Amino acid sequence: MMKMSYASLVATMLAMTILMVQMNVGMAQECDPMKLVPPCYSFVTGNTPPPPDSECCNVLHDQNKCLCGYVKNPAYQPFLGMPGIKTVAQACSITIPDPKTCT
């Protein structure tokens with residue numbers, strides 16, 4: 001059996017999550033977590049935070065109203081638990097909401 005690298009595992013989980021989100025009709029169309037992948041992937045999986053004026057931060061700010069929907073979705077829990085998520089959120093001055101406080 002072949003071992004899967006951490007990056008491959010993340011990419012596979014992300015692809016599965018995207019399919020689940022696309023099937024979720026309750027989420028507004030402007031909420032598209034795929035928009036976060038290209039500009040933020042290397043920052044989430046790496047050790048370097050994005051600059052505040054980066055494309056990653058800009059897209060994250062555009063998706064800010066969607067974060068409650070993302071944190072309430074169990075499919076995102078593996079990603080939200082990644083240490084890089086907190087680093088990116090802090091660098092972009094975004095607060096990842098607590099699912100208990102989301103309406």
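Q63 counts as buried, at 2% relative accessibility (buried means under 20% relative accessible area, exposed over 50% and partly exposed in between, with a 1.4 Å probe and protein chains only). The model is a predicted one, in which local features need pLDDT of at least 70 and side-chain atom pairs count only at pLDDT 80 or more, while totals for chains, interfaces and linings use all residues. Residues are numbered from 1 along each chain as its sequence is written, and side-chain values use heavy atoms, with hydrogens and water left out.

Q63 is located in the loop that runs between α3 and α4 (67–72); helices are DSSP runs of H or I with at least four residues, numbered from the N terminus. With residues up to four places away in sequence not counted, the contacts of Q63 are E30, C31, D32, P33, K35, L36 and Y70, where contact means heavy atoms within 4.5 Å.

Helix α3 (residues 55–62) packs with helix α2 (residues 37–45) at an angle of about 110°, and their axes are 8 Å apart. Axes are lines fitted to C-alpha atoms, for helices over the stretch in contact, and angles run from 0 to 180 degrees between N-to-C directions. The angle makes α2 roughly perpendicular to α3, the class for 65 to 115 degrees; under 35 degrees counts as roughly parallel, over 145 as roughly antiparallel and the rest as oblique. At the contact, P39, C40 and F43 of α2 meet E55, C56 and V59 of α3. By class, the contact of α2 with α3 has five nonpolar residues, no polar ones and one charged residue. Here Ala, Val, Leu, Ile, Met, Phe, Trp, Tyr, Cys and Pro count as nonpolar, Asp, Glu, Lys and Arg as charged, and the others, Gly among them, as polar.

Within α2, the buried residues include V37, P39, C40, F43 and V44. These residues lie on the same side of α2, because they cover an arc of only 155° around the axis; the arc is that of the directions from the helix axis to the C-beta atoms.

The segment after α6 (83–91) contains P97. P97 touches L67, C68, V71 and C102, not counting residues up to four places away in sequence. Between P97 and G69, which are 28 residues apart along the chain, the C-alpha separation is 9.7 Å.

S93 also lies in the segment after α6. Most residues other than glycine have a negative phi. In S93, a residue other than glycine, phi is positive, near 60°. S93 is exposed, with a relative accessible area of 64%.

Technical notes
Helix = DSSP H or I, 4+ residues; strand = E, 2+ residues; numbered from the N terminus.
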